[in-house]
Each structure stands twice: as structure tokens, then as C-alpha cells.
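Student: I would like to learn how to read a few features of a protein model. Could you take them one at a time?

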Amino acid sequence: MRNYDPFVLPFMLGFLFLVVLIIYKFAQWLIRLNMREKVLFRHGMLSRKFLHAGNEVFMESLIHRKMFKANPLLGYMHMSLAFGWFLLIVLGNVESRLHTGAHLNMPYFPIFLKFFVTEKETIPFYGGFTNLMDFLLLMVLSGVFLALIKRMTSRIFGMRRTTNLKVGDKIALITLWLIFPLRLFAESLTAAQHHNGGFMTENVGQFLAAFLPTDQLSYPAWWLYSISLGAFFVAVPFSRYMHIPAEILLIYLRHFGIHSTKVYSSFSELEVYSCSRCGVCIDKCQLHTADIHFNTPTYFFRAIRERSLSGDLTDACLLCDRCTAACPVEINTTAIRIAKRATFSTSFKSDFSYLPANHTRRKADVAYFAGCMTHLTPAIRKAMIAILEHAKVKYHFIDEQGICCGRPLMMTGRLEEAQQLVRKNEALIKGSGARILLLSCPICLKAFREDYHLDIRIMHHSEYICELMDRQILQIPAGTQLFSFHDPCELGRGSGIFDQPRKILSEAGKLVKSKFEKENSFCCGGSLGHTSLSQAQRNIITQEVVNELTKNNPDSLVTACPLCKKTFTRWSEVPVKDIAEIVAEVISLGSTQSDREQNTNSLGIKVHEKQKRK
Amino acid sequence: MRQVVIIGGGVAGLEAAGFLGKMGHQVVLLEKEKAVGGHVGKWDRLFPNRRQGSEVMDFIRKKMDEKVSIITEAGIKSIDTSPDGYAVVLTNGEAIRADAILLATGFELFDARKKEEYGYGIYDNVITSADLERIFREEGKITTADGQAPQKVAFVHCVGSRDEKAGNVYCSKVCCVTGVKQAIEVKEMMPAAKVYSFYMDIRMFDRHFEELYIEAQQQGITFIRGRLSEVYEDQGKVQCKVEDTLTGKPMKVTVDLLVLLVGFMPSPETKRLAGMLKINIGSDGFVLPIDGHISQNETGVPGIFLAGAVTGPKCIATTLSDARSAALQIDQYLKTK
């Protein structure tokens, strides 16, 4: 029995190269984690999280569950390639162990088993194995076939655009596609001589034998198969296929509690390498409407890997999170974008000395922080004050003079400067003694929830109004108006608040459905996230969104963000309103004030004795 | 006899109607509102010499003879081509033959509610320049919402003009001088009142305008270079946040009444009719003539002509000249047809 032939060398060299490189890369990523993350890693390795992560690796890296959910055809393509190949390797190993009886064989042995083992009798259940292996190979080949179609016409996959590949990726792609047809070819040619094939290889072998000299071709075919494998392995680290090992490590680290922050870290780097350049993010980007291309995470991450990242590319993003929500690998694309902006943003000497030095220490239960954008949309501020007065809330208007939350600075990567505002606001809010920080602007909401250290409930007014309704402090009379609701990026995808605004609007009237709602909602085009986008480009984006959202002829286009409102107002023929305005309008029509709880409840409502009697 | 249909009964349409009638053509003038006169008909006094707007209207009306018939409250359903010209079909079904059509659909004022940060429609003591003219004409006395005489009044220039975010990049031309005229009028009405004016640039492009600006400064009106950022109302007073860009300092100014100098917008009717007639519209929303220098009244579509603010912001004198020029072009066209 032979168990070595020189043709295995290309495979072996490529394989060894890849293994060494992956070990090196993994070590590098892990060593560069910060102290806190290292502790999390050590704890995670010895906990149940390790098993959970293993399960997810199986579900995502092999089965591609999320990809299936997003796009079944794309899911099958990835699954057939990854899971099919994986099973080929596993079964090949089982078969080769049964054959040799040894626990360990050379890595190439199971791969080229059909070359080395031509006598069926040496492997138990040979017929079953060989047919199963043929089936798996067929499955992988169907994935390769779909990949080929996707490259030619991505529309069949429901994708308008697919990733534009560079040379490294193309070489890797071609070698990957060649591996399986070459395996089929090599195995079939051998089967034609030795009749050791399954239902596919045996028949293909017979077919080929009819017009080809199979005995002369089979040996070169094994060489080619080995070369294609070796070449693919060498290409992996220089191509997008590095995502395969990187994603496995990423899933483990995530399960151990490590997440991306606004500072570019080793974990961010790992996320960048985990991008498979599948291109799902491309169609999600609204900047295409404004004729801006090659800016999406696929290209952004590639530029980071190639060390060719420019300030313009880093800036070309609305930070709307549409791509993040769609990413099958769940990479926090927005956080990496912000983190990278810090390296390009020019620092400026921020001077906030004009901010009031002494904070009024008026005690209140609710601290209302309207935010700069709400100051620019006074109808929202007026509505909120009316609602708070109506509900007899003991509140303190904390930014009547207007101080920025700091998020616009953070979005441009100016974290240091933003900290000055954060400290100022923290002092202001703590001084008020409030138990609830009430916000009208989702941009502020995200900043207060993620970048402040406040031991206090932080609520957007849609959540707060909803709670007032649940406690029957606020009663909304049923109406007949037709509303179209726009989910603001930072409220919906950004903070996960989808249901409360819908609940309020369904009480006050009828809500029309849209294809572009919740996770799939648009950015209004007014985003503070993109500082170099021209007004004309913004207008194109906004007009498209307004057209889509007013398609059903609603009575009002409702949103829950002052910036979205301001952006839409110019282009909408339908009145644009904030959800607070809708509520203020309907409650001014009259509501009962019964069933109030006594004393101050958790929403900061003080019930007066007089009123109770009434 | 040839018949011309003029769409729009503002000063441009009326002036062209008078001239075309005098030239011997039959004219049908269509006006969507109850009465002709357009914006000038609603204005009190005109810059730069503060004569009554009604004087100009009387002058224009006098030229009209029996050749001009006016249909008010006319809605246009469609404009169809016919072998000898056009047929303008009204919403009531009536079809009017036209050998030529003059588009004099003018402009509409920028809806100040779209600059929500200035609080128009939200705060009681924020009004527009058009509201102030109405007050001048109908009330003769300026009061705040609670009936008091304002002690401090501020004007805001460029509301909806030269403002990319409002969607209008262009200058509306007439608001600067209107603001200066109105500031002087307020000051004359209430000499003790303090009057402010927030501006980006003061564009005094025409004859006697600069003199008016100097007069305003001599009367003690305070001009502050800076764009108003936001407004809020506190106990009936209007708080204005603005940066004085000459000193580089942010400032707050509290006034009793805030007047927004609203700019020109192309009227939606213009857009609709331009679509029907397949004539070009510029990026600013106004109709494009075939040549901005030498053929301002022609559209490239035979028999369709333009006059007045349909091709962009214009003051009254320019509009009247433009209307006469259009009348002449139409006369030439009809003679060679």
C-alpha cells in the first residue's frame, strides 16, 4: 500500500503555511487585547460560554443560519461550500482511519484517499462511504455553481450590487472554485481505472473514459487538485477568505463579553478581518442614491487591511447603522468607522468656557433635556412641555439654555473634546437629583446611554409617553388620522426602540405599514454622521425617503427625532410631526384625570391631594 | 383676430394684458384667486420711495380695455395642442382657444413654518414681512399678541433665501430692501421702539436703495451681521440667539416682535404647467427661458412665453419691463405666424 506521492507537496506546503500564519495572527490579536479583555478571555475559556460559542461557530460559520435568514439562496451557497467541505474532511478522516487503523494520518491522506486506496475491501461500508462522499461533493459543486452565477448576475440573488474584487481576492476565488471540479475530475478518472467511485464519480469516470485516455490523465489531475488546494491556502491570508478563521475567534471573544468601542482596538482589527466581503451591506447603503460608491464596510474594511484607508473613505458614511443591522457577521461597522475617524480628525482647541459655571440645583423628579435639535424645532419642545404640564410631572428643564450632548463631536472622532461636554452635563444632571433623564432627541439618547455614567433612568420621550399611557396617567382618545411612521436611526436600530412609538400612534390613529420600517428603515438624509456630504446630495436622499414614506397618502408623516423632522419638512407635502406633537394635539382635546396613583410614582408624577378629591 | 391666453393676474400678467390689448389682440387673463392683483395687490407701500402699492395697480389697470377679458377663480385642467395653436381647458370644462400663451404665474412666498427654528406658527409674536404689510394696510397699528405696543422689534433677513438647508440657494433680491423699508416704517410709527435687523449681507442693488439703507442707519436701526440660529418665546418675549459675526461673539437679543423677511419660491402651479407644456425648469425651481441674456421671454416651445417672477425673483419695475418685453415678443410671433 502506498501512502505517499510527491503530488501531495503543494497541498502540504500550503496547508503548513496557513496553519502557521493563523496561529501567528491569533496570537497577535490575543496578545494585543487590553487587560480587561484578557481577563474576560481567560474567564471565558473555562466557562460554559466556551460551549455556547462553539455552538454558534457551528451554526454561523458552517450552517450560515443568519445568512439563510437574510437571503436563502445566498445562505445555501455559503452553507453548501462551508458545511459540505467540512463534512468531506470529517468523513474523509473517518474513512482513512478505518482503512489504516491508526489514530493519526498525514493531513493529506484523507484528502487524496481515492488516489491511495483503490481496493474497496480495505474500508468497511465502502459503498456507503463513497456514495455519501459523492453526494457531499455534489453539494459543494452546486455551491460553486451558484457562486459562479452570482458573480455573473447578482440580481438572481436579489442583490443589485456585489463586491468588486481585487487581484488577491480573484486569485483566491478562482483557486477555490477550481478545487472541487478538479477533485471531481481526479476522482472520476481514477474511478474509471479502478472502479472505486460512488454514484457520481463512477459515472463521470465512465463517461470520460469514452473519449479520454483516463490512465494517462488521472495522475496529472491529482497534481492539479493538490496545486489548487495549496494555492488557495497560500492565498487565504491575503484575501477575504481570512474571514473564515477570523470569524471563529471573533465568535468566541464575543461570547466572552468583548465588544467594540469607539477606540480602534485589537478586537476591531479582528472584526475587520472577519468581514467576508459578502456584499450584503452594499445594497443597504443610501449613499448610492447620491452617487457615492465603494464606501460601504466591504470596501472600508478592505482599505483598512490594505493600509490604504483615506480620510474621505472614512467620512463617507451616514452612521445610520443600516449595514450593521444587515451584516451576517454582526460586525459593528459604525463603531469601527467612528474609531477610525479619530485618526483623521484634526483636533481643535475646544473652548466651552461660555457654558454656565453654576448649575441651578432645583430639585425635580424628571430632568428634561431637549437637546440642540429640539431647540431648533420648537414645536416639539412646546409639545413636550404641554405633555409634562398636562401629566403634572415635577420636571426641571435642564438645558433651557442649550448645551450639546457631545455626540456630534464623538461622531467625528473627537472623543477628547466631547468629554468636556460630557462632564458638564453629568454635573448638571446629577445636581438636579432627578430619577429620570427625559430626552426628545435620539441622538442625545444614544450619547447618554452609551457614553455617560449616570445612575438614573434614561428615556426617550416615546418611551416615557408610552409608560404614562400604560399607567393611565395619560389617556389618548382614539382617532381616525392616518400616520406614516419613520424610525429614526438612533432611536430604532441605534437604541432598539421600535414598539413604543407604534403603540402611541396606533392609539391616536391608524398606522400605515411600510416596507422600510423598523430594522430596515431609512436614514432621513440629515445625518450628523457625514460631515462632507453636500446639501444637494442630502436633498436627493431625503426626497427619495419622503416619496417612499408618503406613498400611502398619510395625514401626517410622523417621526420621533427633531433632526429627521427638520430634514423632512422642507421636502414633504404632507405635514411632518414629531410623535410628541401628535400626543400634545390629542390630549389638548381633553382627557380624564382619574385613577391617579398617590404620591410620587416611579415616573415622577406628584399627585396633589386636591386633584385626587376631584 | 389672434387670441392670447395669459395665465396669472399679478402685475406681470396684467401689464402684458394691457399692452397686448393695445396692440390689437384679444386677451383672456386667467387668475386662480378671487381677484387679480397678485402680491402687489396685497402690499401696503413699495420700496424705495414708499408710494402706495395701489397707485401702481391703478396705473396698470387703467391700460386695460374691452379687448381684455378676465376670468377669476380659474383652475387649469389641461393645455392641449390644436392645429392652430393651443386649447386651454379649465376645470369647469370650458376650453379657450389660444394662439399664444403667456405664463405669468409668478412666485409664492416661502412658508416660514419650514424654518421651524424661527418659531413662525408656534410663537404668537413671530410674523412675516407679508403679515406686517397686512397690519400696515388693515390695522394701521402694530401690537404684540397681548395687545401691547412693542418696544423692541427685530427683522430677520434671508428667511428661505440663500439657505441650502431650506432648499433655496438663490437670493430673492427684494427682501433686503423690503426689510430696510419696513424697519424705517416701524421706527416712524413708534419712534421710541428699538429696531434690530439681523442680516448676512445687505444687498442694495438698485437705484435709491443704498440711500434708504443709510436713512435706516441714521434713524438708529441697529444692523447686526449674523444669521439667527434659533428663537424661543419666554413669557411673551421672543429670545433670539444669534452670533454677531463682526465681533465673533454669540449673543442673545430679547424682542417683543420678530419679523421674518420671507423670500420667493416658485409657485407649485408653475411646476405643474411647465410639466404640461414640457418647458424646462432650473435647479432653483423657476422656469428657464431659452437664453438668460437675450431671450428671457421665450421658452423654446412655439407660442409659449414667460413674464415676471416665473423666471426668478424680480422687483416690480423689472417685472413690468419684462411684461412689456413679453407682449412685444408675442406680438411679433403672432404677426409672423
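Student: How many cavities of 30 Å³ or more does the structure hold?

Tutor: Rolling a probe the size of a water molecule over the atoms shows where empty space is left. A cavity is a set of points, on a 1 Å grid over the protein atoms alone, where a 1.4 Å probe fits but cannot get out. This structure holds eight cavities of 30 Å³ or more. The largest cavity has a volume of about 140 Å³, a volume being the space filled by probe spheres set on the points, with grid points joined across faces, edges and corners.

Student: Before we go on, what kind of model is this?

Tutor: This is a predicted model, in which local features need pLDDT of at least 70 and side-chain atom pairs count only at pLDDT 80 or more, while totals for chains, interfaces and linings use all residues. Residues are numbered from 1 along each chain as its sequence is written, chains are lettered from A and ligands numbered from 1 in the order in which they are written, and side-chain values use heavy atoms, leaving out hydrogens and water.

Student: Which residues lie nearest the centre of the largest cavity?

Tutor: Lining residues have an atom within 4 Å of a point. The largest cavity has 16 of them, and Ile443(A), Cys489(A), Glu490(A), Ser527(A) and Leu563(A) lie nearest its centre.

Student: How much area do chain B and chain A bury between them?

Tutor: The size of an interface is often given as the accessible area lost when the parts come together. Buried area is the accessible area (1.4 Å probe) that two parts lose on being put together, summed over both. Chain B and chain A bury about 1,600 Å², 44% of it on carbon and sulfur atoms. In chain B, Lys114(B), Glu116(B) and Ile122(B) lose the most area to chain A, together 35% of what that side buries. The contact (heavy atoms within 4.5 Å) takes 19 residues from chain B and 17 residues from chain A.

Student: How many salt bridges are there between chain B and chain A?

Tutor: Side chains of opposite charge can pair when their charged atoms come close. A salt bridge is a side-chain nitrogen of Lys or Arg within 4 Å of a carboxyl oxygen of Asp or Glu. Between chain B and chain A the count is two. In one salt bridge, the side chains of Glu116(B) and Lys565(A) meet at 2.6 Å, N to O.

Student: Where does the peptide bond from Phe47(B) to Pro48(B) lie, and is it cis or trans?

Tutor: That bond is cis, with omega near -5 degrees. Pro48(B) is found in the loop between β3 (45-46) and β4 (51-52) of chain B.

Conventions. On a 1 Å grid over the protein atoms alone, a cavity is a set of points where a 1.4 Å probe fits but cannot get out, and a pocket is an open set with protein on both sides within 12 Å along at least five of seven lines; lining residues have an atom within 4 Å of a point. Helices (H or I, at least four residues) and strands (E, at least two) are DSSP runs, numbered from the N terminus.
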